[in-house]
Amino acid sequence: MTKPGEDVLLNYMSWNDHFRMLRAMTPLRFFNATGVLASYAWSRLTGRLWSPPMPLSLSVEPTTSCNLRCPECPSGLRSFTRPTGNLDAALFRRIIDQVSDHVAYLTFYFQGEPYLHPEFLDMVREAKQRNIYTATSTNAHYLTSDRARLTVESGLDRLIISIDGTTQDTYAAYRIGGSLEKVLQGTREIVRWKRELQSATPHVIFQFLVVKPNEHQIDEVHQLARELGVDEVKLKTAQIYDYEKGSPLIPTRERFARYRMLPDGSYTIKNQLLNHCWKMWHSAVVTWDGKIVPCCFDKDASHVMGDLQAMDFRSIWKGDAYKSFRRSLMRARKEIDICQNCTEGTKVFA
């Protein structure tokens, strides 16, 4: 149960976060957003491709390295076929130079643990100097007191902390090799430095990946967040790679699963995979070595739209590879491998 006034405070923190997003919308970015919305609506309505002007948001991968071994994560499984490495800071600056007029939201995350990149927070500061809203996702094992202070001072707008259990045994059932106490201590350090530096940022989110071992702890993670001073809790459904025959990770509470059981005991994804995808119009993902891929479901970069080491961003975004990919999903999205386990375009929670 929340205390009197607690819901009001949490709602205020959430609205404050949304207001910071709106402050990043310069007139040029707003004009670009209008073009993105118009091109998406027209393409979906007519079935004929109208390429968007420039993306509204971008995900940049600081590194593919990770300290944990989560069972449904290529970083954790060490199963990438693409190279492992760190984003070069000079390449990042070139990317920012090319997109900062239009991109309002930048996520420093794709695969890997961002805090393993030694210049991660320097890149955050670069983006903040361009008035871009910044976010990242972390397992919080590297949020020492010094790192927490530097995070607050960097201006990072949103910090998503993965916490997939409220006890060590439950947490480690998915976050293999992880320490819940390190997550909690890192969270305390961020909250403490926000208070000491009198900073409203970052907006701290506990992200709870709902799987069968932890689904009984949903209420507990909300309570834990309140006790620590976390601003928000988000529940996330788990992507299971080989879901057809079921998995010990699929929750028993169907509303928290991406999949449903069929009469024969097999599983299917809830998404109907209709032939449209908002992500292909408003966002893109950049791997650590400068490849542009369509979205976060292309974890192994099997659909490279272009290479920023050799081409500029606009040429890739407007190029033939992107046009061909968008037309393919408008024609038959179910036939694209990375789309077959996707939740875009469907509401998972009933």
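Rings of Phe, Tyr and Trp (its six-membered ring) pair if their centres lie within 6.5 Å; planes under 30 degrees apart count as stacked, over 60 as edge-to-face and the rest as tilted. By this rule there are ten aromatic pairs. The model is predicted, so local features need pLDDT of at least 70 and side-chain atom pairs pLDDT 80 or more, while totals for chains, interfaces and linings use all residues. Residues are numbered from 1 along each chain as its sequence is written, and side-chain values use heavy atoms, without hydrogens and water.

One of the pairs joins Trp 42 and Trp 50, edge-to-face at 6.1 Å centre to centre with 85° between the planes.

Helices (H or I, at least four residues) and strands (E, at least two) are DSSP runs, numbered from the N terminus. Phe 108 is buried at 0% relative accessible area, and Phe 120 is buried at 1%. Phe 92, Phe 108, Tyr 115 and Phe 120 form one aromatic cluster.

Elsewhere, helices meet. Contact means heavy atoms within 4.5 Å: Ser 145, Ala 148, Arg 149, Thr 151 and Val 152 in α6 meet Glu 189, Ile 190, Arg 192, Trp 193 and Lys 194 in α8.

Conventions. Buried < 20%, exposed > 50% of the residue type's maximum accessible area, 1.4 Å probe, protein only.
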